[in-house]
Amino acid sequence: MCERMESNLEFRRARQTDIDGICALVASAIIHMQEQKIFQWDEKYPTRVDFLDDLRENTLFVGTIEGKLAVTFTVNQTCDPEYDDGDWQYPDEEYRIIHRLCVNPAFQGRGVAGCTLRHIEEELRRQGIGAVRLDSFTKNPTAVALYTKNGYERTGFADWRMGRFWLMEKRL
């Protein structure tokens, strides 16, 4: 349990029965972001197919609080070619990439995202992984602040359909 969490956040691999809930969580997060003028995700990304692919590859996870989906994320080694442009500081370390980290708006502001990052990092350390990478939409100040506060450093950027994203990395 994380120190800022007032409720127990439990992590596990996602199951087929979670897919509808994950899609609903992400849909509500998209609405919430758009209300804040953050146009990071939409109906084209991420989609149900993305989550089903993650599930099939056994890389999709959820965090629950009192049985309710609070967060979802994917951790794998897959990245777009734009990642090749990153000035990665730990190129010799085995690494993983965090994708689609999304906190249910009903649980935002309660430390779920920070707790989730710490959980991911602890699991990767246990597996002997030396670094973690991700990308963060430059126009999502909450996400950029979260990653920066947790020790992720900018190593470059990628321009995708919705705009510019920071490429970020942390040594574990």
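**Helix α1 and the cysteines**

User: How do you know that the span of helix α1 agrees with its 17 residues?

Analyst: This is a predicted model, and we can check the helix by its length. Counting 1.5 Å a residue, α1 (residues 19-35) should span 24 Å, and its end C-alpha atoms are 24 Å apart, so the two agree.

User: Which residues of α1 are buried?

Analyst: Ile19, Ile22, Cys23, Leu25, Val26, Ala29, Ile30 and Met33.

User: What puts them on the same side of α1?

Analyst: Their arc around the axis is only 160°, so they sit on the same side of α1. The background is simple: an α-helix has 3.6 residues a turn, so residues three or four places apart point the same way.

User: What do the buried residues of α1 pack against, and which exposed residues does the face turned away carry?

Analyst: They pack against α2 (48-56), β2 (60-65), β3 (68-76) and β4 (95-103). The face turned away from the buried side carries Asp20 and Glu35, which are exposed.

User: Why is Cys102 called buried?

Analyst: The cut-off for buried is under 20% relative accessible area. Cys102 comes in at 4%, so it counts as buried.

Notes:
Residues are numbered from 1 along each chain as its sequence is written. This is a predicted model: local features need pLDDT of at least 70, side-chain atom pairs count only at pLDDT 80 or more; totals for chains, interfaces and linings use all residues. Side-chain values use heavy atoms; hydrogens and water are left out. Helices (H or I, at least four residues) and strands (E, at least two) are DSSP runs, numbered from the N terminus. The expected span of a helix is 1.5 Å times one less than its number of residues. Buried means under 20% relative accessible area, exposed over 50%, partly exposed in between (1.4 Å probe, protein chains only). The arc is that of the directions from the helix axis to the C-beta atoms. Contact means heavy atoms within 4.5 Å.
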